[in-house]
Amino acid sequence: METRQAAGVLSEARRVVVFTGAGMSAESGVPTFRDALTGLWARFDAERLATPEAFHADPDLVWGWYEWRRARVRRAEPNPGHLAVAAIEARVPAITVVTQNVDDLHERAGSQAPIHLHGSLFAPRCAGTGAHPATFPDVEAAMAAEGGRIPPPRCASCGALVRPGVVWFGETLPEAGLTAAVEAAASCDVLLTVGTSGVVHPAAEIPRIAAGAGATVIQINPEPTPLDRVATLNLRGPAAKVLPAVVAAAWPGVSA
Ligand code: APR
């Protein structure tokens with residue numbers, strides 16, 4: 001029932017925002033943050049590793065953790081949920097994909113220019129100047145050292161440590177991306193929020209801004225979240241199943 005309602009709203013929409021979190025990539029085998037703790041995630045507190053202070057105190061531990069994550073993402077494939085987002089993108093007049101994920105699975109599924117509010121695993125930068133290093137560290141070496149400490153490379157121009165190109169707790173989000181995401185949320189008619197716990201701010205404001213501006217907010221998540229109250233429609237289920245079903249109902253004959 002909700003699937004058909006969501007499909008109806010989506011097929012009429014002119015300006016859409018798709019807002020995604022870790023649950024979007026869960027069925028690609030990329031662990032989420034706050035559930036399904038496995039491997040390193042079970043042994044370390046992700047929120048304590050993802051800080052400038054953690055990197056400063058133990059750069060080898062933090063760099064090794066991110067290299068492990070990057071290697072896992074390299075081996076992962078976009079799932080039918082990512083493909084459904086790209087299918088929506090090809091069919092609605094205007095869309096902005098806003099992700100909190102640091103993987104590249106939206107791009108690899110065909111989304112044109114997702115906004116990465118929390119940065120990317122694939123854009124390490126100099127911890128001193130912020131410039132992106134010209135050379136890219138070896139992911140396969142990181143795989144060999146799964147779970148291990150890996151010393152970060154040094155910036156070729158200034159010798160400072162290279163750090164992951166992600167936004168850590170306590171850091172500000174990329175200004176241009178955040179501004180574009182807020183503007184898109186404030187002016188969309190439909191926002192899909194997919195696979196996010198909706199607890200990390202300021203990213204979690206995005207669906208709330210859309211709801212406040214009168215958009216229909218559709219949430220896709222197998223579990224309840226604080227966004228349940230914000231959403232007009234709550235579709236309880238995994239992204240890789242629910243999103244393709246919504247697309248199929250919105251545009252019959254199209255398979256994501
Ligand atoms: N499909 C859809 N949603 C799912 C699925 C699935 N297959 N599996 C799990 N989920 C949901 C969970 O129920 C949960 O609500 O995905 C959500 C994942 O929440 P978090 O792990 O908190 O991830 P996220 O919301 O992306 O975290 C936000 O916090 O740690 C920081 O910077 C990090 O970007 C991250 C931010």
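This is a predicted model: local features need pLDDT of at least 70, side-chain atom pairs count only at pLDDT 80 or more; totals for chains, interfaces and linings use all residues.
Residues are numbered from 1 along each chain as its sequence is written, and side-chain values use heavy atoms, leaving out hydrogens and water.

Now colour by secondary structure. Of the 256 residues, 52% are buried (under 20% relative accessible area, with exposed over 50% and partly exposed in between, using a 1.4 Å probe and protein chains only).

**Stop 1: the largest core**

Select L10, I88, L192, V194, L235 and L243, which touch the most other members of the 27-residue largest nonpolar core. Such a core is a set of buried Ala, Val, Leu, Ile, Met, Phe, Trp, Tyr and Cys residues joined through side-chain atoms within 4.5 Å. Helix α12 gives the most to this core, with 6 residues. Another core lies apart from it, with 19 residues, including Y66 and F122.

Next, zoom in on I88. Beyond its neighbours within four places in sequence, I88 is in contact with L10, I95, L192, L243, V247 and W251.

**Stop 2: α7 against α12**

Show α7 (80-89) and α12 (239-250). Their axes are 7 Å apart and the packing angle is about 30°; axes are lines fitted to C-alpha atoms, for helices over the stretch in contact, and angles run from 0 to 180 degrees between N-to-C directions. The pair is therefore roughly parallel, a label for angles under 35 degrees. Which residues of α7 and α12 make the contact? Select P80, G81, A84, V85, A87 and I88 of α7, then A239, A240, L243, P244 and V247 of α12.

**Stop 3: α10 against α11**

Move to α10 (residues 175-187) and α11 (residues 205-212), whose axes come within 7 Å and cross at roughly 30°. That makes α10 roughly parallel to α11. Here A181, V182, A185 and A186 of α10 meet I206, I209 and A210 of α11.

**Last stop: a cis peptide bond**

Finally, select H201 and P202: the peptide bond between them is cis, with omega near 10°. P202 sits in the loop between β6 (190-194) and α11.

Key
Helices (H or I, at least four residues) and strands (E, at least two) are DSSP runs, numbered from the N terminus. Angles under 35 degrees count as roughly parallel, over 145 as roughly antiparallel, 65 to 115 as roughly perpendicular and the rest as oblique. Contact means heavy atoms within 4.5 Å.
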